[in-house]
Amino acid sequence: MKDYSLTQVECEWTQQLNRWVETFRPYSTEGKCATYIPALAEANPEHLGICVASEGGQALKAGEWNVPFTMQSISKAISFMAACSIHGIEQVMERVDVEPTGDAFNSIVRLEAHKPGKPFNPMINAGAITVTSLLPGKNAIEKLEPVIDLLEDILDYRPPLNESVFKSEWETAYLNRSLAYYLKQNGVLASPVEEALEAYSRQCSIQITAEDLAKIGLVLANDGLHPYKGTQVVPRKITKITKALMLTCGTYNASGRLAAFVGVPTKSGVAGGILSAIPPRGRNNGPFSHGCGIGIYGPAIDEVGNSVSGILLLKEMVEQWDLNIF
Ligand SMILES: NC(=O)CC[C@H](N)C(=O)O
C-alpha cells in the first residue's frame with residue numbers, strides 16, 4: 001500500500017505535459033521494446049507517461065504515469081547508493097571507477113583492454129554487477145534487501161519484484177554471465193559469481209512506476225533529504241557522486257549527447273524508464289526553480305537502450321521550462 005502519494009496538480013503545466021505526451025507518443029514507432037529479455041517485449045510500445053514531483057508533495061502527471069514496469073538499469077543508481085552508504089565511497093571505488101566508456105551498457109571490451117580489468121563505472125553492467133557483489137548478505141535474496149530497504153526509505157512502500165521478468169532475464173543472461181565470470185577471474189567480484197548475478201538480475205526486476213521514479217529523482221535533487229519525512233535517506237556526498245555518474249554515464253553510450261543536448265542528470269533502463277533529478281536553481285522564473293524529480297516511462301527504446309519518446313519528451317520539457325542544470 002502506497003501512503004506517500006503525491007498530489008496531482010491540475011494546472012496549465014499539466015495541460016502542457018498532456019499535450020507533449022500526445023505529441024511524442026507517436027515517435028515510439030521509431031523504437032522497439034527490448035527483446036533480449038523476452039518478457040520485456042510484452043510491454044505496450046505506445047505507452048508514454050510522466051510524473052514530475054516537487055518539494056511540497058505536489059506533482060504533475062500525464063499519460064501512463066501509473067503503469068508498472070521494471071527498473072532495469074535504473075536500479076544501478078540505487079544499488080550504488082546502497083553500497084556506498086554501507087561500505088563508504090572509498091571501499092566501493094577500490095572495485096569500480098567513475099569514468100564513462102562510450103560503449104554499450106553490456107560491453108565486455110574494456111575489461112580486457114584495460115588492466116587490471118576494473119569496471120569503468122557503476123552505471124554499466126560490469127560495474128553494477130560488481131557493486132551488487134559488495135552488498136551484504138549470504139545469498140542473492142539477502143543482497144537485494146539493502147536495495148529494497150533504500151527504495152522503501154524513499155517511497156514508503158516495498159516495491160515488488162516482477163518474477164516473470166526476473167525469470168526471463170535470469171534464463172537468458174548469457175552476456176552478463178560472461179561479464180561476471182570475467183570479473184571474478186580478475187579478482188573484482190566480492191561474492192560468488194552466480195550470487196552477484198542473481199542479485200543483480202533481481203534488482204533489475206524491481207517493479208515501479210513513473211511516479212516512483214519522480215520521488216527518487218526528488219530525493220536526489222534534494223541531495224538525499226527526503227522532502228516529506230525530512231530525514232536524510234542517502235548521505236549528501238553520495239547523492240552528488242550519483243548525480244554526476246547519471247549525467248556522465250547514466251544513458252549508456254548516449255550520455256555525452258544527453259548531457260550536451262538535454263543537460264540533466266538522468267538514468268535510463270531498457271524497460272523504458274527514465275529517472276532525472278533537477279536540483280534547485282539560483283533563479284526564480286519558470287516551473288520547478290526549487291528543483292524536482294522526473295520519472296518517465298516509454299517502453300519503445302532506441303538501439304542504445306533509451307526510451308525514444310521518453311527522451312524526446314524530457315528534452316522538450318527541459319528546454320521549454322528552462323530546467324537544464326548548466
Ligand atoms: N540497460 C539496462 O537497462 C540493462 C539492464 C538489464 N537487466 C541487463 O542487465 O541487461
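Student: What is the packing angle of helix α2 (residues 75–87) and helix α6 (residues 140–155), and how far apart are their axes?

Tutor: In this predicted model, the two helices pack at an angle of about 100°, with their axes 9 Å apart.

Student: Why is α2 called roughly perpendicular to α6?

Tutor: Angles of 65 to 115 degrees count as roughly perpendicular. The angle here is about 100°, and that makes α2 roughly perpendicular to α6.

Student: Which residues of α2 meet which residues of α6?

Tutor: From α2 come Ile78, Ser79, Met81, Ala82 and Ile86, and from α6 come Pro146, Val147, Leu150 and Leu151. Contact here means heavy atoms within 4.5 Å.

Student: What is the make-up of the contact of α2 with α6 by class?

Tutor: Eight of its residues are nonpolar, one is polar and none is charged.

Student: Why is aspartate 156 called partly exposed?

Tutor: The class lies between the limits of 20% and 50% relative accessible area. Aspartate 156 has a relative accessible area of 22%, and therefore is partly exposed. The residue lies in the loop between α6 and α7 (163–172).

Student: Why does aspartate 223 count as buried?

Tutor: Buried means under 20% relative accessible area. Aspartate 223 has 12% relative accessibility, so it counts as buried. Its place is in the loop between α10 (210–221) and α11 (236–249). Phi of aspartate 223 is near 55°, again a positive value in a residue other than glycine.

Student: Where is proline 227 found, and what makes it partly exposed?

Tutor: Proline 227 is in the loop between α10 and α11. Its relative accessible area is 25%, so proline 227 is partly exposed, as the class covers values between 20% and 50%.

Student: How far apart are proline 227 and serine 54 in sequence and in space?

Tutor: They are 173 residues apart in sequence and 8.6 Å apart in space, C-alpha to C-alpha. Leaving aside neighbours within four places in sequence, proline 227 is in contact with Tyr4, Glu55, Leu218, Val219 and Asn222.

Student: What makes a space a cavity rather than a pocket, and how many cavities of 30 Å³ or more are there?

Tutor: A cavity is a set of points where a 1.4 Å probe fits but cannot get out, whereas a pocket is an open set. The count comes to one cavity of 30 Å³ or more. The largest cavity has a volume of about 90 Å³.

Student: Which residues line the largest cavity nearest its centre, and which helix gives the most to its lining?

Tutor: Thr101, Ser107, Arg110, Ile124 and Ala126 lie nearest the centre, out of 14 lining residues. Helix α4 gives the most, with three residues. By class, the lining has eight nonpolar, three polar and three charged residues.

Student: What is the volume of the largest pocket, and which residues lie nearest its centre?

Tutor: About 300 Å³ of space lies in the largest pocket. Of its 15 lining residues, Arg257, Leu258, Asp302, Ile311 and Leu312 lie nearest the centre. Helix α13 (308–320) gives the most to this lining, with four residues. The lining divides into eight nonpolar, two polar and five charged residues.

Methods. Residues are numbered from 1 along each chain as its sequence is written. This is a predicted model: local features need pLDDT of at least 70, side-chain atom pairs count only at pLDDT 80 or more; totals for chains, interfaces and linings use all residues. Side-chain values use heavy atoms; hydrogens and water are left out. On a 1 Å grid over the protein atoms alone, a cavity is a set of points where a 1.4 Å probe fits but cannot get out, and a pocket is an open set with protein on both sides within 12 Å along at least five of seven lines; lining residues have an atom within 4 Å of a point. Grid points are joined across faces, edges and corners, and a volume is the space filled by probe spheres set on the points. Ala, Val, Leu, Ile, Met, Phe, Trp, Tyr, Cys and Pro count as nonpolar, Asp, Glu, Lys and Arg as charged, and the others, Gly among them, as polar. Axes are lines fitted to C-alpha atoms, for helices over the stretch in contact, and angles run from 0 to 180 degrees between N-to-C directions. Angles under 35 degrees count as roughly parallel, over 145 as roughly antiparallel, 65 to 115 as roughly perpendicular and the rest as oblique. Buried means under 20% relative accessible area, exposed over 50%, partly exposed in between (1.4 Å probe, protein chains only).
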